[in-house]
Amino acid sequence: MAELPVTAAFSASSGRISALAFLPNFDVEAYGHVIASRQEGGLDLYDIDGVRIGELAGPALNGLATAPRFQLRGEDLPLAFGVDPATGTLSGYAIVRERGDMFPLPLTPIASETRYTGLCFLSEGPGFVDLVLLSTGTQADIVRVRDTGDQLLSVDIQSSLSLPFPARRCATLNDNIYTLGDGNGVARTSTEGEQLARGDFNGHQLTTMQMGGTPAVLMTRAGSEDSFDIQVLDADTLAPLAEVSIMDGLSTPGLGNAGPLVATDASYGFTAYSTGLIAVYDRADDRIKVIARDTFVRSTLVSILEAEGLTPETGPTN
């Protein structure tokens, strides 16, 4: 098992958190943000120092996806998206970084009677963002949100695919969609709908990342009976690679009850966050804990090599 210290913790959240997403700033890296959806409804916006700089009342969103490079009416205006499980519809928000303001986006209704339960980011391009929307059944729709110059942003279904089981959480990596269902484990599906792999680990939430050249899936445990905080899976086979425990840092307690998590390889500035970071909501104290991506990758890869009886080499692993 890999044991590594938490790097820092955010200020206490204003409510229980159901999902997290990164909103990096590619112009001024240290001014990137983290956005959180609250279980009782609404959004919180944090700077990388862990200070909550904005909040918005609204529906309780299941899943979060961001488009940090979006061009809205020709201006850089990052967007965030979530699914309101009460109505089964997509919600979108524009974010003004400098003021910490968030505004609901006017979206066209999706031309489908499907009720959605969750979503994840797929890709982003000039003037559009593609999202994966999970239905109440085993269907997933890939939708494109575009700024066409009309009063409403258009939302169009690009394709639909079948999943091996009903899913409530998803993440993407290298044109693969990873889905997590209650008691059904985790699955890897191509964007064309081909079923590629399935694993047995029943986690709470999941995210993906490149780990020393190895694509990986990170999942927080579903209950409190496990002795670790994060399970690392091989992203191709979904076989377990390592178990990770996040311990106390210099002045910050480690994870007590890991919940939603998200990872990014985007730089957030400073030495610790120059290669990205991992954020995990701790249900034990209602705080977001962050771990430097470089620290996580190094410690986890060392643990994997030692478990195989190998001697880890020194030098960069990312």
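Helices are DSSP runs of at least four residues, numbered from the N terminus. The model shown in these views is predicted.

**View 1. Helix H1 and the residue after the helix.** Gly309 follows H1 and has a positive phi, near 75°.

**View 2. The buried face of H1.** The buried residues in H1 are Arg293, Phe296, Val297, Thr300, Leu301, Ser303 and Ile304. Looking down the axis of H1, these buried residues fall within an arc of 160°, so they line one face of the helix.

**View 3. The disulfide of Cys120 and Cys170.** The structure holds one disulfide. A disulfide is a covalent bond between the sulfur atoms of two cysteines. Here the bond joins Cys120 to Cys170, with an S to S distance of 2.2 Å. Cys120 belongs to strand S13 (residues 116-125) and Cys170 to strand S17 (residues 169-173), so the pair ties together parts that are 50 residues apart in sequence. The link of Cys120 and Cys170 is left-handed, with -115° about the S-S bond. Both Cys120 and Cys170 are buried.

**View 4. An open sheet of four strands.** The strands run in the order S3-S4-S5-S6, and their pairing is antiparallel. Strand S3 (17-23) and strand S6 (52-56) are the edge strands, each of which pairs on one side only. On average, neighbouring strands of this sheet are turned by 20° against each other, direction ignored.

**View 5. The pairing of S5 and S6.** Strand S5 (residues 43-47) pairs with S6 in the antiparallel sense over four bridges. Asp44 has Glu55 in S6 as its bridge partner.

Methods: Residues numbered from 1 in each chain as written. Predicted model: local features only at pLDDT ≥ 70, side-chain atom pairs only at ≥ 80, totals over all residues. Heavy atoms only, no water. Disulfide = S-S within 2.5 Å. Helix = DSSP H or I, 4+ residues; strand = E, 2+ residues; numbered from the N terminus. Buried < 20%, exposed > 50% of the residue type's maximum accessible area, 1.4 Å probe, protein only. Arc of directions from axis to C-beta. Pairing = 2+ DSSP bridges. Axes fitted to C-alpha atoms, helices over the stretch in contact; angles between N-to-C directions.
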